[in-house]
Amino acid sequence: MDQPLAAPPPTRFGRSIRARLLLMMLAVVATAALSGYSGFAYWQLAAQKERLLGFAHSLAEVLGQEFVRIALLNDPAVGADASARLSAFPLVRHVVLYDSNGTAVYQYRRHALAAIEVPLPQPGAGPRDDGDALHLFLPAAYSGVDFGTIYVQLESETLWTLLRRDLVVLGLIGILSLSLALLLAARFEAHFNRPIRRLVGFLERIGLSQQLDQRIAVDGSDEFARLFHEVNTMLDRIQSSRDALRVAAVAFETPDGMLIADAAQHILQVNQAFTRITGYSAAEVVGKTPALLQSGRHGREFFEAMWRALREVGRWEGEIWNRRKNGEVYPERLTIQAVHDESGVLKYYVGAFVDISVQKAAEAHIEYLGHYDPLTGLANRRLLVDRLGASLQRTRQSRGHGAVLCFDVDNFKMVNDSLGHAAGDQLLVEVARRLREVLGSGSLIARLGADEFIAVREMRDGDRNQATLQVKELVESVLDELDRPYQINGSEVRCASCAGVSMYPGAGVSAEDLVKQADLALHQAKSAAGRRRVRFFEPQAQEVVRRYLNLHADLLRALERGEFVLHYQPQVDGSGRVRGAEALIRWQHPEEGLVGPAEFIPVAERSGLIIGVGEWVLDSACRQLAQWAALPTSCDWVVALNVSARQFAQADFVDQVRNALLRSGAPARQLKLELTEGLLVDDIDDAVLRMNALRQMGVGLALDDFGTGYSSLRYLKRLPLSQVKIDQSFVRDMLNNGNDVAIIRSILSLGESFGLEVIAEGVETADQHAFLQELGCAAFQGYLFGRPQPAAGLTSLSPNGI
């Protein structure tokens with residue numbers, strides 16, 4: 001609330017209201033006093049004139065007898081008496097008596113020495129007042145008879161004489177007027193000026209403090225109370241407006257670009273984000289229109305739709321391409337809002353925009369990753385199928401032909417493993433470059449797998465046979481280019497390649513079918529003999545695909561129905577004593593009987609069912625191991641089982657093994673997992689971590705088919721193995737092949753050097769057994785000692801030897 005106020009000091013605005021009110025009141029009172037005195041003076045002068053006129057007439061009547069005697073007799077003594085009598089009247093200055101002829105016969109002067117002009121007789125003239133004297137011409141008569149004219153000059157008071165006479169009175173009047181003016185001014189000031197001063201002081205205090213939350217007290221219901229109320233209301237609105245402006249100012253300086261334009265689209269204001277995004281400062285754009293930012297990418301229809309929305313809806317939002325000051329074109333998300341006043345008149349446009357260049361680039365990158373291989377820049381499977389579908393439709397409509405070409409680079413895995421992943425990536429990039437160079441822009445090239453590439457090519461020749469020949473020549477050219485040596489990290493690398501081809505269109509064939517056909521032809525080419533292999537898809541190969549799909553469905557049902565069984569092949573020591581067995585899966589098919597693993601394991605691997613199958617094998621083998629461990633004749637047997645690459649790669653594989661042992665109660669030290677070399681080299685570091693975790697549990701680890709893959713001492717010395725197996729391919733021909741013998745000797749020597757047990761598998765004859773013993777092998781597995789059989793048959797074997 002407001003506080004009592006002292007008299008404010010003089011300001012730049014001139015005299016205060018109090019001073020002006022005092023001057024006004026003084027002027028009013030003085031004017032009234034002067035007006036009153038002027039009226040009084042006028043009245044006095046008019047009354048004086050009337051008195052002088054009456055006196056003149058009375059004088060003429062009184063002196064009428066003397067004047068007759070003077071006029072008729074011209075007696076000087078009478079004149080002297082008349083003069084004596086006139087001298088008794090101090091107001092009489094001059095008297096002249098004219099006879100009937102107008103001749104002056106008598107003259108009286110109050111001051112003898114004064115030079116007074118004798119006026120000419122003017123009978124019938126009215127009185128004349130010249131300020132300090134009154135001049136009159138009166139008829140000279142006696143007893144009703146006129147005998148001449150009398151001129152009388154009487155002394156009269158002037159206004160100045162009156163003022164000098166009333167000087168004291170005037171002074172008193174002035175003092176009274178001033179006092180009255182002060183009194184009236186004080187009264188008016190108390191009634192009018194004090195509320196105004198209170199209001200001024202209140203507003204000055206707000207102006208100095210800038211605190212708009214103050215309010216002036218409202219007393220009474222007069223005009224000043226209404227004024228104070230309106231001031232408080234105005235402050236409420238100002239405070240609300242200022243709060244809104246403060247919020248608007250904060251909002252205006254957001255990370256989003258902002259601009260405000262008038263109804264004529266001239267820019268009035270921009271924020272700092274506008275400058276940051278566009279490169280234009282406020283000084284460069286204020287007064288101009290947003291057309292300054294146009295990129296030229298949008299046509300007339302685009303902007304017509306924008307302005308139509310602003311006219312009809314008052315708002316437009318969308319994506320637009322604009323141009324920065326440096327000429328760069330960029331995308332932005334723009335919102336324009338039309339602002340109208342209370343009467344609906346358009347006043348402003350407010351634009352807010354966000355630079356979405358990064359978002360667009362990310363979307364483009366995501367779009368790119370969704371359709372292209374990031375390493376080679378070739379199309380991926382999704383884009384390939386889309387484009388192939390469009391090509392298939394075109395060729396059907398135009399009766400043309402096309403081909404799907406599938407290429408595989410041999411020895412890629414060897415390069416990747418021996419020279420490192422970076423070298424493998426470099427090889428793939430070079431293969432992609434060569435494919436582009438030979439196939440040209442007329443072909444769509446894609447990368448499907450690690451070392452598998454596919455291309456789609458439309459042929460201009462309408463004859464299918466000619467188109468097929470052209471494709472064959474094209475494929476030969478590609479293979480020639482792919483077979484040339486590669487320079488990888490300073491080393492020369494050679495990679496043989498093969499190709500599978502599927503021609504289209506065909507009846508009822510889809511894009512996916514064509515890719516599968518080309519892939520199937522490729523696998524046929526890889527299986528064929530010869531250094532450079534090309535295969536065209538043959539319809540009968542489709543039967544293989546059909547059988548694969550049927551087998552996959554049967555495997556899924558077999559897993560659900562529990563149709564798998566385990567057979568066990570004994571493993572013996574040098575004396576022929578059973579030391580354990582390898583668990584081998586069989587499928588008890590309800591229609592085809594007992595099916596070996598070679599028939600269904602590849603399908604399980606390819607489809608991913610091998611994970612479920614492997615878990616079943618692990619659980620079943622552990623349960624059997626627990627049963628054997630409880631019998632005196634087999635309590636020390638070790639059960640070995642194969643682990644697929646997919647199963648081993650599972651993040652929870654170690655937990656799977658631990659849980660299987662816990663559920664079954666089998667001893668971990670009598671469980672041995674056989675791993676292949678290919679499973680280990682994909683990620684040697686991760687493989688070692690898993691293997692160490694298994695070894696800490698007590699589980700044994702064997703390297704299966706040692707020597708058939710990419711055996712490396714660098715890998716072997718890092719792996720926590722307990723056993724290596726000599727592959728049966730070396731055992732089978734060792735009696736006739738010195739190379740196989742050398743390999744077996746090397747494996748035995750490595751086993752001894754690394755402290756690993758070595759077991760030979762595929763031992764079928766006594767000669768093979770004897771020769772292996774001679775070489776130093778102490779553990780064996782093969783038909784010579786027993787075929788794979790159910791667990792019950794293995795238990796019945798003699799504990800003393802086979």
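A residue counts as buried when its relative accessible area is under 20%, and this cut-off is applied in the close-up views below, which are taken from a predicted model.

Close-up 1. Gln781 lies in strand 26, which spans residues 779-781, and because its relative accessibility is 2%, Gln781 counts as buried. The side chain of Gln781 is joined to the side chain of Gln571 by a polar contact of 2.8 Å. When neighbours within four places in sequence are left aside, the residues in contact with Gln781 include Gln569, Pro570 and Gln571, as well as Glu582, Lys725 and the residues Ile759, Ala760, Glu761, Gly762 and Val763.

**Close-up 2. Packing of helix 13 against helix 14.** Helix 13 (residues 421-439) and helix 14 (residues 464-483) pack at an angle of about 145°, their axes being 10 Å apart, and the crossing of the two helices is right-handed. Helix 13 contributes Val431, Arg434, Leu435, Glu437, Val438 and Leu439 to the contact, while helix 14 contributes Leu474, Ser477, Val478, Glu481 and Leu482. Sorted by class, this contact of helix 13 with helix 14 comprises seven nonpolar residues, one polar residue and three charged residues.

Close-up 3. The structure holds zero disulfides, and Cys498 accordingly takes part in none, the nearest cysteine sulfur being that of Cys406, 8.6 Å away. Cys498 has a relative accessibility of 0% and therefore counts as buried, and Cys495, at 3% relative accessibility, also counts as buried.

Terms used: Residues numbered from 1 in each chain as written. Predicted model: local features only at pLDDT ≥ 70, side-chain atom pairs only at ≥ 80, totals over all residues. Heavy atoms only, no water. Axes fitted to C-alpha atoms, helices over the stretch in contact; angles between N-to-C directions. Helix = DSSP H or I, 4+ residues; strand = E, 2+ residues; numbered from the N terminus. Left-handed = near helix turned anticlockwise from the far one by under 90°. Contact = heavy atoms within 4.5 Å. Nonpolar A, V, L, I, M, F, W, Y, C, P; charged D, E, K, R; others polar. Disulfide = S-S within 2.5 Å. Buried < 20%, exposed > 50% of the residue type's maximum accessible area, 1.4 Å probe, protein only. Polar contact = N/O pair within 3.5 Å; in protein donor to acceptor, adjacent residues only side chain to side chain.
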